[in-house]
Amino acid sequence: MPQLAMEGGVPRHIGATLLNSILEFEGTASKTFAENTTILNSVHDRLAKDTEPVTLTLEQIASQLLGRDPNTLSKADRYAIHQAIDQNPVSIIANQSLSVVESYTFRPKAQTELINRVIKWMREYQTLRSSGMGKKEKRSSNRNPIGTFVKTARQWIYRSRASRKPTQAYSLSPRIDFVGDSEHQAEQLKESSKPSTPSFSETDRDIIEFLRLWILPPLFVRDSSLRSTGSFILFHIGLYDNFNLNEATGYLALQELGILTPWENIHVLNEQVALPGHGLSPVSDAIVEECNKFCEMPSCIDTLVDSMKDFRKDWGDTPVFCVDSASAAEIDDGFSLERIAHSLDRFWVHIHVANPSAFIPHDHLLAKGASHFKRSFYTPERVYPMFPPNLISEKFSLGPGKPTITFSAVVNMEGEILDTKITHGYINNVLYITPDRLRKMFGIDINENPSMSLEVGGTPKGPERPELQEYISEEHKAILETMERLLAGRREKRMKKGAIEFFSNYPSSPLVSGGEEGVRSYTGDISGRYDYNDDPTIGVSGQFIQSDGSLEATKTDFVAHAMLLGGEIAAQWCKERNVPVIFSAAAYNLDKVTTEDQGEFVPGSSPYSQLPRAFSSSKPTPHITLGMDQYSKCTSPLRRYSDLIVHWQVEAALRHEAKQSMADKSEGYPNQVDETVLPFSREDIKAIIVRSNWQNKAADRAQVLSREFWVLQALFRAHYFGEANLPEGFQCVIVSQLPASSNSTSEPDETRYTANLLPFRVRCVVTTDKSCPEFRPGDLVEATISNVNLYTVLLGLRAVRLVHRPEKSRATVPLGFLH
């Protein structure tokens, strides 16, 4: 049919080729689906396990489901498989890193059956409730599992509200003090005289598990039946008239039912992060139990044999500086300096790193545990270590007599790397200092900057490390000053290669502590509890000053620059020998960054969109952001699995080189290392990268949200319940303008911006009306708190005035402050 009028978009004759290609692609995909309809329509039933989740790539799904070699799959074949997966938004979860789906997690069949069972109960209950509700229908609805749950739930909620009130922040209030309040005393007496609240039945527990799946991340936003069933459960409970019947109110309801604590940080309950101890990941719980059992064996330490014992040197009295905060759970790294004879400007810089890889083979039980968790996970209320903590503190955390792998480089004052080597040894003379103490030695006291502290519930207990030193001798001061000049020279070299400086405005982590049991959290127990007397104590502090680069970076952030050098040494060493490891890289998205739009602000965009994109590779690849030809993280093997891989690969290569004859070494040393002598081939490394990307992204986000959650908890209790004095207004830094379509609740004349709250560095949304000027990224704005949402972990503010607009050339990016 000819095009008779202007239709908008691309004219048909121009788009015809593309449309024909799309139709051909869809036809091929439909043919593949039709030929395998029975199999593809039962993808979950065929590949899921009964009680444990299964994670598979699309290639593995094709191989197991269709018996196809992944190399024979066309793009249309892949799309057909994707369509089959997409029909199961509840039972199959896409594991996504940025815009790329890297794998899929199949829920256990038992969990999927539970979800379908509760949805069926709700449909039956709705039918009974809508059929006139005569005596017969009423009796039937009361016997329906939804009806019995609603009755029990109301009793638990009434009991909860005798001591804690629901709030529009989607969290329960702190426990109400009844002293001197006759009305509340009477209510409490009335509640305590009631018969005990019934425990939850088996069907009640099914419904509670359904609600848990509904409200915890990752959310099933695409499945309407699951979302509507959760909302109908809240509707029939009938106690949430002033709330939207959504996942946030479901979170509140589970607090009132005693399933979640009134301060539950749901981001540690994310199924994709799979943290142990919460009853959400049987695999994680089993791994932790097995690793702990191994470490409790009397002969545990004796079974861990040093594979590098023949390569170790004694570092003697060489002072090794370990610079970590007072809250450090394990000490991964330190550094030392060695003078070179007859040279005034060249030094060996040694980065000493803990060395568990020499004692724990890559296929050991403990290594499998590290492979599963990928990293330690840190929240203000708890640490989830990658290795059993007793083993780390006793055997590997850096200290006198502990084993190390040392990444060394000869560096001159111009920052040139003239030589590198990797050695193994034992350190003896270890000095522990904090970053603050080191900065003060350089004449930088960040504690003199304007700051704000907030405490609710009392003063939380901070960690103690008696080994930390307050005094730095003149001898040690001279060593540290020399090393700082070397690091400054190296930094200058990287900056000339285009490195992008991210200045240190690291937000401090809140201190959170509980009673004798610590900060209680969900453990998988759904028997129903309601009496939480011990609101956690929370302390958080922050500085109002934003770094603008006036302080010397290597003095302000000494340790970060030392560890960057360690990663640069490791990557160069592996590149020279063709040893595959996980290389960190970064490159610009050239389609998005042009000369014309750099530095310009487009509403709805973020300054972050103009930064190089970070990624991982099995081959040495330039890291534009760091200004390095290659880089690999290697200084945190006690808390990062990727660093362990580097160590295993390097140690295997060192042992292999030691076996080579001197004649071999003379022919172009260092020699290329054959992959067959390494624990991991390049294909192994590629597979690990694919499996790790989405998990690390999910863990990163969960850690950030966990920190912000506890900051908002403190603000919530201070702002709404007067547990601490707050200023009338806060200052925040604008990040970007939100599109008008991003929130249907906004008024027509309102504009909304994402921002960063000072001094605590948490995400917030600032709303303005037409009386306010248009804000730009980097603007410093005064605003007042309008709402706190503890479910989405988002603070709402209303703008009061523009405080300061930086010069365009010095505009800063919150949480990075980029120049």
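K374 sits in the loop that links α15 (365-373) to β8 (377-379), where helices (H or I, at least four residues) and strands (E, at least two) are DSSP runs numbered from the N terminus. The structure is a predicted model, in which local features need pLDDT of at least 70, side-chain atom pairs count only at pLDDT 80 or more, and totals for chains, interfaces and linings use all residues. Residues are numbered from 1 along each chain as its sequence is written, and side-chain values use heavy atoms, with hydrogens and water left out.

Although K374 is not a glycine, its phi is positive, at about 70°. With a relative accessibility of 12%, K374 counts as buried (buried means under 20% relative accessible area, exposed over 50%, and partly exposed in between, with a 1.4 Å probe and protein chains only). V793 is another non-glycine residue with a positive phi, here about 55°. V793 is placed in the loop between β21 (780-789) and β22 (794-804), and its relative accessibility of 1% makes it buried. The peptide bond from L758 to P759 is cis, with omega near 10°. P759 belongs to the loop between β19 (751-758) and β20 (762-768).

We can turn next to the helices. Two packed helices are described by the angle between their axes and the distance between the axes. Axes here are lines fitted to C-alpha atoms, for helices over the stretch in contact, and angles run from 0 to 180 degrees between N-to-C directions. Helix α6 (residues 109-129) packs against α8 at an angle of about 90°, with the axes 8 Å apart. The pair α6 and α8 is therefore roughly perpendicular (angles of 65 to 115 degrees; under 35 counts as roughly parallel, over 145 as roughly antiparallel and the rest as oblique). On the α6 side the contact (heavy atoms within 4.5 Å) is made by W121, M122 and Y125, and on the α8 side by P145, I146 and G147. Sorted by class, this contact of α6 with α8 has five nonpolar, one polar and no charged residues; Ala, Val, Leu, Ile, Met, Phe, Trp, Tyr, Cys and Pro count as nonpolar, Asp, Glu, Lys and Arg as charged, and the others, Gly among them, as polar.

Helix α8 (residues 145-161) also meets helix α11 (residues 224-237), their axes coming within 9 Å and crossing at roughly 65°. Helices α8 and α11 are therefore roughly perpendicular to each other as well. From α8, the residues F149, V150, A153, R154 and I157 meet I233, H236 and I237 of α11. The contact of α8 with α11 comprises six nonpolar, one polar and one charged residues.

What of the cysteines? A disulfide is a covalent bond between the sulfur atoms of two cysteines. A search of the whole structure finds zero disulfides, taken as pairs of cysteine sulfur atoms within 2.5 Å. For C291, the closest cysteine sulfur is that of C295, at 6.8 Å, which is too far for a bond. C291 is buried, with a relative accessible area of 7%, and C772 also counts as buried, at 16% relative accessibility.

Finally, D525 lies in the loop between β14 (511-513) and β15 (537-543) and is partly exposed, at 32% relative accessibility. The C-alpha atoms of D525 and G279 are 7.9 Å from one another, while the two residues are 246 residues apart along the chain.
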